[in-house]
Amino acid sequence: MKLSSLLKTVTPISFYGTGPDAGQFSLSPDPEIGSVHYRAQDVKPGGLFVAIKGFAADGHDFIDEALARGASAIVTQKPVSKKSIIIEVENTRNALAKISDRFYSNPSKKLFLIGITGTNGKTTTAFLVEHLLSEAGIKVGVIGTLTCRYSGKTFQNPMTTPESYDLQKILAEMLKSGITHVVMEVSSHAIDLDRICNCKFDLLVFTNLTQDHLDYHGDMNSYWSCKKRLFTQIPDSVSGNSRVSAVINHNDEKGKELIKLLEASIGKPPVLSAGFSKSNSIWPKDIKHDLNGISSKISTPAGSFEFKSPLVGKHNLENILCATGVGIVLNLSLDSIKTGIQAVCAVPGRLESIPNDINRFIYVDYAHTPDALENVLSALRSAATNRIICVFGCGGNRDKTKRPLMGRTAARLCDLTVITSDNPRTEPPMEIIEQIVHGTKKTIPHVYTLTDLSTGFREKGYVVEPDRKMAIQLAITVSRPGDIVLIAGKGDETYQIIGNNTISFDDRKEARTALSKLEIQSAEYSSQGHSELETQNSQLEARNPIPWTTAEIVKATQGELLCGDLKHSFSGISIDSRSISVNELFVAIKGDVHDGHSFTSDAIERGVSGLLIDRANTDKLPGKESIENSIVCITVNDTTRALGDLAAFNRKRSNATVVGITGSNGKTSTRKMTAGVVSRRFSTLSTFGNLNNQIGLPLTLLNLNFNHRWAVLELGMNSPGEIKRLAEICSPDIGVITNIGPAHLEGLGSLDAVMQTKAELLKEIKPNGTAVLNADDHRLLQLADYTSRNVLLFGLSKNALIRALSVKGTGTGLSFTLVLPEESITVNLKTPAIFMVSNALAAAAVGYLLGLTAGEIKEGLEDFKPVKGRMNILKTGKGINIIDDTYNANPDSMKAAINTLMSLKGNNRGILVAGDMLELGEYAESMHRNIGRIAAGSDIAKLYVTGQFAQTVATGAMDEDMDSRDIFTGTKEEILEGIKDRIGPGDWVLVKGSRGMTMETIVEGLLDWANQ
């Protein structure tokens, strides 16, 4: 192309030529330009060199080199005297953009060009739009952070938006390969430095504006003014582009301002607003989000559609809404938009998950601004059930004011903040880190040393590790199962800039390396006998228990050292000789079936170094003389009590705060709900399975370590004194009693005795602790008057401080308004059982006492999933609905379950399959007969009963005039065989009975039959 043609859109200030017309704005000679360059080292003979003043070097200093390499002409922005054609312009960057556009024959005018700008979310939104277009069969190219990709090819991109010459070259190559639509991330640098000058944008997207690049722009006003230019000045500068569509995030304050600005401007482009409120063109409803992703229904001018995306966090929902807006502008079908959104399983370097087999949630994210870090951490915090550890640093030679802000954000939202290097460039790394620490310590003053963390961490704090590789390894090493580790700042960058050197470095690779080391350690740990077995002790998660010395064990149990070293150390306590580690102490428990003393020889053969046994059983030790010099042996009067004493000792030294929960009904569900609420913010240990007795509770507490802030424990009982003993062991700060009903009457005798037994918990609550009691239970109101502890009431009653209003069913769930002293919030439970609302209120009361927000309490409750065998709704292939409530039963829970059956069945038939309610003593006959009356009075269609009191239940049903032809008694096998011919599509079948009745066998049989 002739030089004169290239310069048609450029206005020179001065012209210095070599021909007869030198000094005039004409070219003679008019050389043919074969290439355009802005780096002197790239110049080819016959090329045009445009001298740009850069940040590190000035192209004007390299004009001689360009000429020596054969440049035919030079474009400068200051006077230059050389024996060549010299064109002086006001701005060489602007000139380069215009020249490059002409050199490549204006490619953007022949493409549909979509520009995406904003501080955060550009890459993810571009990724989503790319998939939307691809799913619609459109050939699309992407120019974005780190890569350009089109037609199955991917190229590295050193900057978000390439220099203008490179940009025009890429657009031309995309056009040549058949691309029709291009998605481009547009940075503020690209706008300000004229890289996108002469690009014809057909659609613009604005994601948000938060603090970044102030090292370049100086202040937020200048930064914002630059971003606005993309929507105001730049479209006007391109001929033939008078109508540019815009999709703008209305959730962002600057987005709102931009919408008003564009709508008020005559002739400016139409705007589609995207946001969470109904006033927007694109908006979502029925939003659900957790670590598994986002689901919602999106409303658009073209209609609505539902979607599910594995992307995490509400900030990603904003990106999805913006991408949807692009699809609407392009008239894509809603199916294409939905498919495109759901096709994006992950965006490289944006909350990119690092898979592992040791139950850690490891993410790598590009977040390098205060707002981006807050968005990502808030998304993770809202879904976290355990601790959050964050590794991050800040780039050198960049905006310094954001460093303390990011430190403060991480400290507020994380349990452990690991401060390290990012790309320090030419700044001293420790100076950058100190600026981060300045903000961090204002929120969490506790600083850890690397030595401190060798045994984990117990409270919120931060640590400094300048070596990024070691920082990543540290964060993953100190994590434990269920923890989240976020490695922020670099995302999918594959390098680190230190000084003037660029070295190979990938956060994802370093995370995988650290995980592989931890996986090896975990495998070794499991090989020592810590794999999950079907025993009480091994069912608990390995939680890095606090080590024990022999002296501590003797002190805790008041035992006697028969042999061994007082300084000997044990890694933990076990009661199972089959899975015990050689580093654990074996406690020989005498159970109902087996006596642990019979297995001491097995434990010794496994190589254990310590035993705790009853004094009366020392004669059962194999080869007593031979072990005296090799292992520790401690004797006590009662090993079961000693196990509890060990747990009590561990509870005190851990400094955790304890919630103890008991009651006739709902203990397990309340415990699970409470643990879900508490773990929104605190590292929490919770009772595993049904380990709630004098053996199970101690085994739970023995897993309490210095990392745990709270323990949520379930206290069960069968006889007087059990609650007292369990409460002595766990010494609760908060004691919860769900209700008092006719359970365990065989061992206790009367409801008054049940009440007095439950009251044992109140006496063991710490003096400054709180009793959380059910205001809907008149016996608990009596205890509220009786106790000297602080009392917090929950329930439906008006005198409850924590209440529920507007309780209603939502299909197979429940909705209610949770009323707290300062605020109210709607809660949706994943259970149809209305009695679960009481359990939820108890958990909410604990959350309120701990200072959790209404939102955190809501999230904890809504994460609750019913315990297996507790009101599980099972849909079958034959259209029959089964309510599995086989976990346990007593008169109150049986009545509540029948009421739930009635509420769920609607106009369909309800069928009850009931087993005996055990441990009712002298009241068994009357209470079973009463259940028959309740069942018949509830309008059930069929009644099937099994067990010792089956006929009694049947008699009670006939007392209420139930047709005997609709009542069946027999064995479980007979019921299972007979019921199959009498149920059909639409029927609701409730199966319930006490644990000892194993009614789940009927559920399993029905499922096998109904799903054939």
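These legends walk you through several close-up views of one predicted model.

**View 1. A five-stranded open sheet with mixed pairing.** The edges are taken by β1 (14-16) and β2 (35-37). Each of these two has a single partner strand, so one side of each is left without a neighbour in the sheet. From one strand to the next, the twist averages 15°. Inside the sheet, look for β3 (residues 47-50) and β4 (residues 73-76), which run parallel and are joined by 3 bridges. Here Phe49 stands opposite Ile74 in β4.

**View 2. Gln168 and the residues it touches.** Gln168 belongs to helix α5, which covers residues 164-176. Is Gln168 buried or exposed? Its relative accessibility is 0%, so Gln168 counts as buried. Leaving aside residues up to four places away in sequence, Gln168 touches Ser100, Asp101, Tyr104, Pro107, Cys197 and Cys199.

View 3. Now look for the helices.

**View 4. Helices α22 and α28 packed together.** Two packed helices are described by the angle between their axes and the distance between the axes. For α22 (residues 667-678) and α28 (residues 836-849), the angle is about 35° and the axes are 8 Å apart. The crossing of α22 past α28 is right-handed. On the α22 side, the contact is made by Ser669, Thr670, Met673, Thr674, Val677 and Val678. On the α28 side, Met836, Asn839, Ala840, Ala842, Ala843, Val846 and Gly847 take part. How do the residues of this contact divide into nonpolar, polar and charged? There are 8 nonpolar, 5 polar and no charged residues.

**View 5. Val754, a buried residue in a helix.** Val754 sits in helix α26, which spans residues 751-764. With a relative accessible area of 0%, under the 20% cut-off, Val754 is therefore buried. Val754 and Ala845 are 91 residues apart in sequence, and their C-alpha atoms are 23 Å apart in space.

**View 6. Strand β44 and its parallel partners, β43 and β45.** In a regular strand the side chains alternate between the two faces of the sheet. You can see this in β44 (residues 942-945), where Lys942 and Tyr944 point one way and Leu943 and Val945 the other way, and all are buried. Strand β43 (residues 910-914) pairs with β44 in the parallel sense over 4 bridges, and Tyr944 in β44 is the bridge partner of Val913. Between β43 and β44, the chain crosses through helix α31 (residues 924-937) in a right-handed β-α-β crossover. With strand β45 (residues 967-969), β44 forms a parallel pair over 3 bridges. In this pair, Val945 stands opposite Thr969 in β45. The chain reaches β45 from β44 through helix α32 (residues 950-959), and this β-α-β crossover is right-handed.

Terms used:
Residues are numbered from 1 along each chain as its sequence is written. This is a predicted model: local features need pLDDT of at least 70, side-chain atom pairs count only at pLDDT 80 or more; totals for chains, interfaces and linings use all residues. Side-chain values use heavy atoms; hydrogens and water are left out. Buried means under 20% relative accessible area, exposed over 50%, partly exposed in between (1.4 Å probe, protein chains only). Two strands pair if DSSP finds at least two bridges between them. A crossover is right-handed if, with the strands pointing away from the viewer, the path from the first strand over the helix to the second runs clockwise. Axes are lines fitted to C-alpha atoms, for helices over the stretch in contact, and angles run from 0 to 180 degrees between N-to-C directions. A crossing is left-handed if the near helix is turned anticlockwise from the far one by less than a right angle, and right-handed if clockwise. Contact means heavy atoms within 4.5 Å. Ala, Val, Leu, Ile, Met, Phe, Trp, Tyr, Cys and Pro count as nonpolar, Asp, Glu, Lys and Arg as charged, and the others, Gly among them, as polar.
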